[in-house]
Amino acid sequence: MGTTTIDINRDFNRAVHYVNSYNKPIQPDILLRLYAYYRMAHEDTSHSTKSEEPIIKAFKLNALLQVLHMDSVEAKKNYVELVSEAFDFSISICYFLSIC
């Protein structure tokens with residue numbers, strides 16, 4: 001049986017919660033990919049108007065441009081997969097320990 005939209009949303013939300021509560025430094029390349037997947041998952045491709053350094057804006061825009069071809073579901077799956085790989089994160093362990 002395939003993964004349902006409910007499962008994907010649940011896993012995505014747990015992965016987001018895990019990353020938001022992660023208290024160690026995260027590699028910049030991982031952060032940028034997470035940022036881009038998150039934005040695409042929420043179908044938010046608008047350009048930020050925050051007052052950030054131009055170089056940061058450029059890196060974020062570049063990361064977003066690399067995933068513009070993805071739909072929301074694919075972005076969520078990629079986000080969960082990246083979190084699983086980069087943080088040795090397991091949705092089943094997260095659920096079992098009630099940490100997500």
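**Figure 1. Helix 1, from end to end.** Let's start with helix 1 (residues 5-21): at 1.5 Å a residue its 17 residues should span 24 Å, and because its end C-alpha atoms are 24 Å apart, the expectation and the model agree. Please keep in mind that this is a predicted model. Several residues of helix 1 are buried, namely Ile8, Asp11, Phe12, Arg14, Ala15, Val16, Tyr18 and Val19.

**Figure 2. The whole chain, for orientation.** Stepping back for a moment, the chain holds five helices and zero strands, giving the pattern α-α-α-α-α along the sequence. Of its 100 residues, 32% are buried. Among contacts with a separation of 6 or more, 80% join residues 24 or more positions apart. The chain has an accessible surface of about 6800 Å², and carbon and sulfur atoms account for 55% of that surface.

**Figure 3. The largest nonpolar core.** Here we look at a group of 23 residues that forms the largest nonpolar core. Val19, Leu34, Val67, Tyr79, Val83 and Phe87 have the most contacts inside this core. At least two core residues come from each of helix 1, helix 2 (28-41), helix 3 (54-65) and helix 4. More generally, nonpolar side chains tend to be buried together in soluble globular proteins.

**Figure 4. Val83 and its neighbours.** Which residues does Val83 touch, not counting those up to four places away in sequence? They are Ala15, Tyr18, Val19, Leu34, Asp88 and Phe89. Two of these partners, Val19 and Leu34, are listed with Val83 among the residues with the most contacts inside the largest nonpolar core.

**Figure 5. Lys76, a buried charge.** Lys76 sits in helix 4 (residues 72-87). Although Lys76 is buried, it has no salt bridge. How far away is the nearest side chain of opposite charge? That side chain belongs to Glu43, and the distance is 7.7 Å. Apart from neighbours within four places in sequence, Lys76 is in contact with Ile8, Asn9, Phe12 and Ala41. Ile8 and Phe12 are also among the buried residues of helix 1.

**Figure 6. Asp71, in a loop.** Our last stop is Asp71, found in the loop between helix 3 and helix 4. Is Asp71 buried, partly exposed or exposed? Its relative accessibility is 46%, so Asp71 counts as partly exposed. Asp71 and Ala41 are 30 residues apart along the chain, and their C-alpha atoms are separated by 7.2 Å.

Terms used: Residues numbered from 1 in each chain as written. Predicted model: local features only at pLDDT ≥ 70, side-chain atom pairs only at ≥ 80, totals over all residues. Heavy atoms only, no water. Helix = DSSP H or I, 4+ residues; strand = E, 2+ residues; numbered from the N terminus. Buried < 20%, exposed > 50% of the residue type's maximum accessible area, 1.4 Å probe, protein only. Contact = heavy atoms within 4.5 Å. Areas by Shrake-Rupley, 256 points an atom, 1.4 Å probe, with all protein chains shown as cover. Lys, Arg positive; Asp, Glu negative; His and termini not counted. Salt bridge = Lys/Arg side-chain N within 4 Å of Asp/Glu carboxyl O. Expected span 1.5 Å × (residues − 1). Core = buried A, V, L, I, M, F, W, Y, C linked by side-chain atoms within 4.5 Å.
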